[in-house]
Amino acid sequence: MNIGRFIRYYLLFLIPLAVLTSLTFWMIHNQTMDRVTSELKLESNILAGQVRDQLNLSFAEIHSDLKLLTEHYKLHQLDSLIKPRNVINELQELWISVAEQRARYDQIRFLDDQGQETIRINYSNQKAAATPEQKLQSKRHRYYFIEAINTPSGEIWNSLLDLNIERKQIELPLKPTIRFSTRVNRHDGQPDGVIIINYLAKNLLDKFRRVTASYSGHALLLNWQGYSLVSPNAANDWGFMFPDSPQSRVSLEHETAWQATQNNKQGQLLNQMGLYTYNQIDPSGNNEAASKCNSCLWLMLHVPNQLIEVKLWRELSKTIPLLLLSFFLFAIILGVALWHREKRQAHERQIQELNRNISYEHELFLNSPGVIAKLRNEIGWPIEFISSNIEELLDYDADYFASGKVTYSSMIDSRYLEKYTQETLEAENKGSNSFSHSPYLIVGRNKRSRWIQETVHAIRDKLGKLTGFYVHINDVTPLKEAEERLTQSRDYIQKVVDTIPDPTMVIDIDSHELKLINQSALDLYNNGQAIDPEITCYRLSHKRSNPCRGQLDPCPIKQIMEKRTAVSVVHKHYDHQGNIIHVDVRATPIFDDSGENIVQIIESHRDITETVEMEKQLQHIAETDRLTQIYNRMKFDEELKNQIAWASLTNNRFGLIMFDLDHFKKINDTYGHDMGDKVLINTVDLLNGRIRKSDVLARWGGEEFMIIAPLIDTKELRSLVESLRNAVQQYEHEGVGSITASFGASVVRPSDNIHSLLKRVDSALYESKQKGRNRSTVF
């Protein structure tokens with residue numbers, strides 16, 4: 001029975017069955033996907049509502065406490081001029097009681113209309129205490145007082161949810177805090193002051209974690225910029241409070257979902273990254289808040305697409321076995337039916353195949369364009385039969401061979417007879433029934449030689465003994481002659497290419513394999529040794545396993561395919577000793593016979609290492625101050641221009657510091673210029689060890705220096721400048737002693753250009769000098 005025929009018929013019927021099964025599975029898959037998605041949407045909506053209600057309830061309790069404090073009648077007996085001590089004492093006792101009962105407020109304060117603290121209650125370790133009058137401070141310039149005093153009467157203002165900062169450092173352990181405030185008015189409606197409470201948000205965040213603990217996906221609480229306050233990966237939380245740590249923002253990692261939250265205060269979004277459910281929560285209780293609310297919190301519930309797929313296949317696993325069982329049952333029934341049908345026709349097909357084989361053998365021996373011979377397995381391989389077309393090949397007719405005057409071995413050129421014999425014996429020892437000989441020369445009448453390629457079929461008796469061979473002989477003389485001409489042509493081309501002094505190679509555009517390479521390239525990249533077959537250009541010159549790519553390492557093949565003309569690029573290569581060399585690569589396309597398709601490129605490499613190194617040295621000399629080895633004024637001007645452009649583009653700020661050494665001319669006059677140079681070098685080394693890695697220090701000229709300090713505010717800049725001034729003052733220079741320096745600094749403003757910023761910093765430095773030097777002034 002013909003198994004192949006059975007399989008073809010079986011597949012012919014099986015494919016429609018498989019298609020029908022696939023369509024059924026597709027329908028079940030879509031229905032299940034819709035159901036899983038709907039369930040996840042419902043679960044997410046319910047959880048979002050619970051979290052929103054939970055947070056709003058917490059904020060409502062805070063609003064209630066704030067209203068209780070604000071409406072107390074004693075509070076209205078205080079004004080900016082009259083502050084009875086007994087009233088303050090009673091309010092302090094009340095507020096201490098509130099702080100201890102609620103246990104959720106770090107501070108409760110009353111600031112009069114000028115920003116002066118009148119009452120401040122501090123809560124710590126489950127105890128509340130009033131701050132003595134002499135320690136109360138003015139907060140008139142603090143942002144929360146300014147925001148609160150200008151908030152309309154009856155409304156509540158709240159700050160961002162962030163981490164509490166003490167003495168310019170984030171307090172440890174971390175203390176999440178929100179400030180809530182409302183204005184207190186006098187009887188005439190004018191502001192009398194504000195009440196400010198610092199809410200400890202840890203309990204609120206812990207509630208969030210408990211409510212969302214059993215959620216199928218990821219629950220995140222975000223601020224208005226997309227930074228996480230609570231997330232499954234705690235290491236990513238509060239990233240905006242730690243600028244030096246790796247930054248992770250939902251607004252970047254889930255850009256599409258975050259954009260949706262900016263357009264709607266609540267909703268759901270399903271995309272290729274999963275299901276998102278989001279809700280805006282305003283701590284101030286203003287339900288009509290705009291979508292752009294800096295103090296609002298964002299709840300985002302995210303079910304990743306991978307989790308949806310897991311739930312989907314968990315549901316499908318209940319259906320797939322039954323579907324597969326049905327498919328295999330129908331497939332078995334179909335196979336059995338076709339098997340019986342094929343078996344009934346097996347006998348007829350066997351007879352037809354036998355007739356075809358007989359006809360084929362007849363055609364093989366009588367009508368083949370090649371020569372057919374039958375040889376006996378005896379010494380010299382006597383010819384028992386040979387087809388009549390042998391005369392066209394060797395100028396002898398078939399009767400001449402049948403007469404026994406010549407054996408087959410006598411026709412084989414003596415140079416190839418030994419190899420022919422060896423190949424025959426090896427095939428016989430292996431028991432091969434069919435094998436081929438390597439091409440060999442056969443000699444005919446008048447010593448005319450022809451190249452032969454043959455196929456041999458073994459003839460065995462009933463006991464398996466080898467008795468002879470059927471030999472199918474083909475004349476391949478034209479092919480061998482063409483091969484010899486091609487070899488000669490390639491050798492000539494190789495000699496020509498080897499005369500080129502620059503490393504040169506021909507490269508296949510698809511495989512990047514080297515098709516031709518000259519001796520100069522071998523000497524440079526492979527120590528003069530021959531290359532392995534199928535080696536690629538990037539393996540030889542770059543010593544790596546992947547092609548060139550990117551702007552710093554462009555691939556000539558890619559550029560030529562785009563431009564369809566010669567290109568030139570500069571690469572960094574490695575010679576056979578592993579040394580880095582810079583190479584000017586000039587590549588030219590090679591087209592096929594049609595002139596349309598590029599099939600190869602030819603590359604020529606010129607070593608420009610010395611030129612590149614000289615350019616780097618010249619650039620370093622042009623940018624570096626010779627004495628102190630830091631940036632000179634020209635390079636500093638370039639850096640300052642880039643920083644101003646960056647600040648304008650990103651809305652980030654940087655600080656600019658200008659300072660010079662006080663009375664430096666006296667040092668040169670008293671101790672000499674060599675000692676003065678040493679003082680400058682020591683000062684640069686001192687400051688390089690105290691500024692941040694991102695800061696830029698440059699010599700402006702003489703004893704004047706500049707520092708660019710990125711990502712810094714005015715307070716941080718003032719602290720940095722003062723620390724540098726103290727460091728300069730405390731350093732003892734050998735043979736000179738201590739010196740001082742005057743500093744001027746400022747933070748860049750949105751309207752600044754180079755000239756306005758430099759003028760402001762120069763004015764700040766001038767003021768430091770006018771006030772007696774050894775000072776720092778920050779504008």
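**Disulfides.** I searched the whole structure for disulfides, meaning pairs of cysteine sulfur atoms within 2.5 Å, and found one. I noted that this is a predicted model, in which local features need pLDDT of at least 70 and side-chain atom pairs count only at pLDDT 80 or more, while totals for chains, interfaces and linings use all residues. Residues are numbered from 1 along each chain as its sequence is written, and side-chain values use heavy atoms, with hydrogens and water left out.

I then looked up the partners and found Cys293 joined to Cys296, with 2.1 Å from S to S; their link is right-handed, with 80 degrees about the S-S bond. Cys293 is buried (under 20% relative accessible area, with a 1.4 Å probe and protein chains only), at 13% relative accessibility, and Cys296 is buried at 1%.

**Cysteines without a bond.** Cys555 is in no disulfide either, as its nearest cysteine sulfur, in Cys548, is 5.7 Å away.

**A sheet.** Next I looked up an open sheet of five strands, in the order E11-E10-E14-E13-E12 with antiparallel pairing; strands are DSSP runs of E, at least two residues, numbered from the N terminus, and two of them pair if DSSP finds at least two bridges between them. Its edge strands, E11 (228–230) and E12 (266–271), each pair on one side only. Strand E10 (residues 218–222) pairs with E11 over two bridges, and I noted Val230 in E11 as the bridge partner of Leu221.

Conventions: Helix = DSSP H or I, 4+ residues; strand = E, 2+ residues; numbered from the N terminus. Buried < 20%, exposed > 50% of the residue type's maximum accessible area, 1.4 Å probe, protein only.
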